[in-house]
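The sequence and the structure come first.

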Amino acid sequence: MAAPLTLLLIVAVTIRAVLFRSSLAELISERVEVVSPLNAWKRVVEGLALLDLGVSPYSGDVFHETPLMIYLFHFTVDYAEIVFMVSPYFVDCLSCFLAPLDRFRKQKYALESDRYPADCLELLRSPKEMFYIPLKVAMFYLLNPFTILSCVAKSTCGLNNAIIALFIFCTLKGSALLSGILLALATYQSIYPLTLFAPALLFFLQRLYIPVNLRRSSFWFFTLQYAFIYVGSLVVITGLSFFLLGSWDFIPSVYGFIFSVPDLTPNIGLFWYFFAEMFEHFRLFFICVFQINVFFYTIPLSIKLKEHPVFLIFMQIAIISIFKSYPTVGDVALYMAFLPAWSHLYRFLRNIFLVSCVLLACSALFPVLWHLWIYAGSANSNFYYAITLLFNFGQILLVSDYFYAYLRREHHLIHGLYLKKKDGTEATLVLK
Amino acid sequence: MAAHRCGLSLVCILIFSTPAPAPARDQFQEELVIRPLHSGDIYASFQFRTLWDTDFLQERQKKVSHYRLFPKSLGQVLSKFSVRELHISFTQGFWRTMQWGQPFIPSPPGAELWVWFHHTVSDVDGNWKELTNVLSGIFCASLNFIDMTNTVQPSASFKPLGLGNATDHRFLRYATLPREIVCTENLTPWKKLLPCGSKAGLAVLMKSEKLFHSSFHSQAVHIRPICQDEQCTSKAWELRQTLNVVFDHYTSGQGKKEWSLFKMFSRTLTEACPLASSSKVYVDITDNPELSPATHLLSRAVVLGDRRTYSVYDLTRAETFGQLRSFNLLLRWKGDNMLRPLLHAERYVAGFGLQTGEIHTVIYNNHPYRAFPVLLMDSVPWYLQLYVHTLTVTSKSRDNKPSYIHYQPAKDRHRPHLLEMLIQLPPHSMTEVTVQFERALLKWTEYTPDPNHGFYVGSSVVSALVPSMVAMSTNFTQDQPLFSSFVPVKEESSYFVRVYTEPLLVNLPTPDFSMPYNVICLTCTVVAVGYGSFYNLLTRTFQVDEPSPPLAKRLANFIRRIRGVPLLA
């Protein structure tokens, strides 16, 4: 296990180092699919240059990073490449912990296995299969072209992903304090990880054997504890940011920017063209609708998946990546890294071939249609917009497919794998 | 009794009659300078100056109500908005410094307005907005397009040209409209501001069909408070209206280096303006052109670092007009000498595609041995996002770090970028200033009706004190010609020059303007697909699919239930 992992790390580092030194690095760091106004490296350098000139980086509309990023890069701007190369490996730590997690789950199933029908045993995973999951997760993340592009472009999305991965690692390990602090840091970086509070809470409750019952005091006791850690760390981090530049300018520049979407630079998301073509008097309404759209799946999903918080985390991260205001391929790579953890769902996936074709085709067409619009002038913005729509549609299909497969497997675990109708013939399963 | 009453009334008259206030002195001067250019073009510069001994801004004094030579519309504007200095210019064409030398009064293409407000003004932005709208009405120009997205507050480039000790740049506002077109509609109200209108004096020459058929046309109004004497014991308000025009050698001159007033303006002069205290025509004869009618009056002046000789024609004297009561000047020259301008600047956009680009400003210092500093001011609209970390200044292919940089980044849809730098130019060199920018995608309502024409970026301003090869005169005399007294000369060895570069035309990526409804529908469809799939999976559960029995069977079962008989399977 250690040897293949080391080999994988060496290969990943080599690819990134080669690309950093080649002329492709300049090209990749300007691609709009890989960087957005929120996390472009060019803007970080610009912010630092403004600070050197004596002007606050938040006085213009170029810099939208949080003050802690200024702290970090002020000292490491010359070693930026190393910082960005190290960050994906945090996601590896996550993968190393998926194995014990599954062991935990297996124990849980072992306790309840007498409740399962006999024919479901093939649905449960053997330890041998689960042994290779961490390696597969690491491979899916480190060798994913999206991750490599994001790392070579030095987009701070990689750092955000690292924080989220560390948060998941601490949650799975069971340390509520660290998990709360890291979640606060992730929320501070971009607001959307706020929705990960619910799955983390559910995981801890499950781990501590506290039933999720609104009337039980033990539930409220733990919830308040965790909320206190989270909110407290958030307040402390925000206060530290205030003291860096001595003003609250960063709040409208960072969070106001994320919520009100003033910059319409094209990216792989749905927001830019929608708000470029929006009638002025509907703008506020649709901003609210689109932002609420990211947050409001939390409660229904938490209710449905309260027994399965790890899958809930995956779903939440996927929803954030698809519906956030400035998505990049780095965000997509984060939830794709989880997919090997659910490889046992493969037999229930219905659209996987279609989805993979759509995603591959769109990834290939993005640079082509961008070039035709911006450089050749023979296409217009509609072409790029269409591929954006298709890419997001493919992602939605992927996520809902995995959700379907997960629910179906749970159903089979309870009711048996080979179902029969009343008259004894083979049954089909539908959603009703 | 009658005498007593008379005496009483006399006393009453003496007590109650207030001494009549001394009328404020005002005077009007007009002049025309004609300078032949070496390329065969001819440069004519009109200046009309009104000096008035009054104070628009003082509250103690009664509000000014009796206007004689000074135009009432401008006087009211000055008092209402507490304006200390106002400079507005409308220019059609671009001044070609390398071919024509330095102009007497530089101006950028389009409209330019810069105003110093009095330090008692509390809401400068509000005053600025109202002022631009009022001026827009006075000059029939679309100055109402000046708003906070194209106004800047330069910190060093536009110091007051008149009196002024307070130089807090919070009271300065500068804006240009490079897209503004100048035509007869703007000339007519400008001419109306003159005391004699266009009926007498030099203004009769200003006919639009000839003035706009030229390479360069610029009309300006400059208002500022000045000292009336060396010790500055009395102050006065000065209104200068200037009109600079360059007639083209080939289109107006028929290819001959032979010009006359009639050929330039299709009019001749018949009389001076009766309200003018001085009315003169100066012709630059330094390169010895043939001039008729001849005159003995000569004037030597050092202007723009060059000693020039002028023939003077005094229009207030009747003998200038001769027997025909009309004055037509004839000018013929052959020479090709021209003083090479010491400071010259160019600007262009580099790069390809609609995503990024680079602005290159090239400044030439043609002085053979002296280096001097220049102040470069750039105001770039917000939709071209400048990256100041890519700013490079190179002279003679070596890095030249500016000693002073003032950068105010743009706020989207609120204010433009302002970049001011003090650069030291080495002698006889070319300095290149480069900065990269990214083009933004705007909302579909923010594009002009012809979006593929492009967006204009206003000219850069290069201001410098250029070392002079000839000693300038710092003496203050009342009868100095107007063209040499516009910019106050503070020292002998240098003169102030302001050079404007070309405006830029930049294309931005455009969305498809026919698509708003389609885009809303399609994007909402994709979001709804996501919502629908999640809704299905969240609210429904898996069930074994029992097909519902066909209609006949269901009907049969229904009847059986009524009869109380066992149902079918």
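A residue is called buried under 20% relative accessible area, exposed over 50%, and partly exposed in between, with a 1.4 Å probe and protein chains only. The model is predicted, so local features need pLDDT of at least 70 and side-chain atom pairs count only at pLDDT 80 or more, while totals for chains, interfaces and linings use all residues. Residues are numbered from 1 along each chain as its sequence is written, chains are lettered from A and ligands numbered from 1 in the order in which they are written, and side-chain values use heavy atoms, with hydrogens and water left out.

**Aromatic pairs**

Rings of Phe, Tyr and Trp (its six-membered ring) pair if their centres lie within 6.5 Å; planes under 30 degrees apart are stacked, over 60 edge-to-face, and the rest tilted. Over all chains this gives 75 aromatic pairs. Two of them are listed here.

| Pair | Centre to centre | Angle between planes | Class |
|---|---|---|---|
| Phe242(A) and Trp248(A) | 4.4 Å | 25° | stacked |
| Phe366(A) and Phe391(A) | 5.3 Å | 75° | edge-to-face |

Phe366(A) belongs to helix 20 (residues 352-376) of chain A and Phe391(A) to helix 21 (residues 381-415) of chain A, so their pair ties together parts that are 25 residues apart in sequence. Helices (H or I, at least four residues) and strands (E, at least two) are DSSP runs, numbered from the N terminus. Phe366(A) is buried at 4% relative accessible area, and Phe391(A) is buried at 1%. Trp248(A), by contrast, is partly exposed at 46%.

**Charges over rings**

A charge sits over a ring if NZ of Lys or CZ of Arg is within 6 Å of the ring centre and within 35 degrees of the ring normal. Lys42(A) lies over the face of Tyr387(B), 4.3 Å from the ring centre. In chain B, the charged end of Lys263(B) is placed over the ring of Trp259(B), at 5.2 Å from its centre.

**A sheet in chain B**

Two strands pair if DSSP finds at least two bridges between them. In chain B, three strands make an open antiparallel sheet in the order 9-14-11. Its edge strands, strand 9 (258-260) and strand 11 (290-292) of chain B, each pair on one side only. Strand 11 of chain B is joined by three bridges to strand 14 (residues 330-332) of chain B. Leu291(B) stands opposite Leu331(B) of strand 14 of chain B.

**An enclosed helix**

In helix 18 (residues 309-323) of chain A, 15 of the 15 residues are buried, so the helix is largely enclosed by the rest of the structure.
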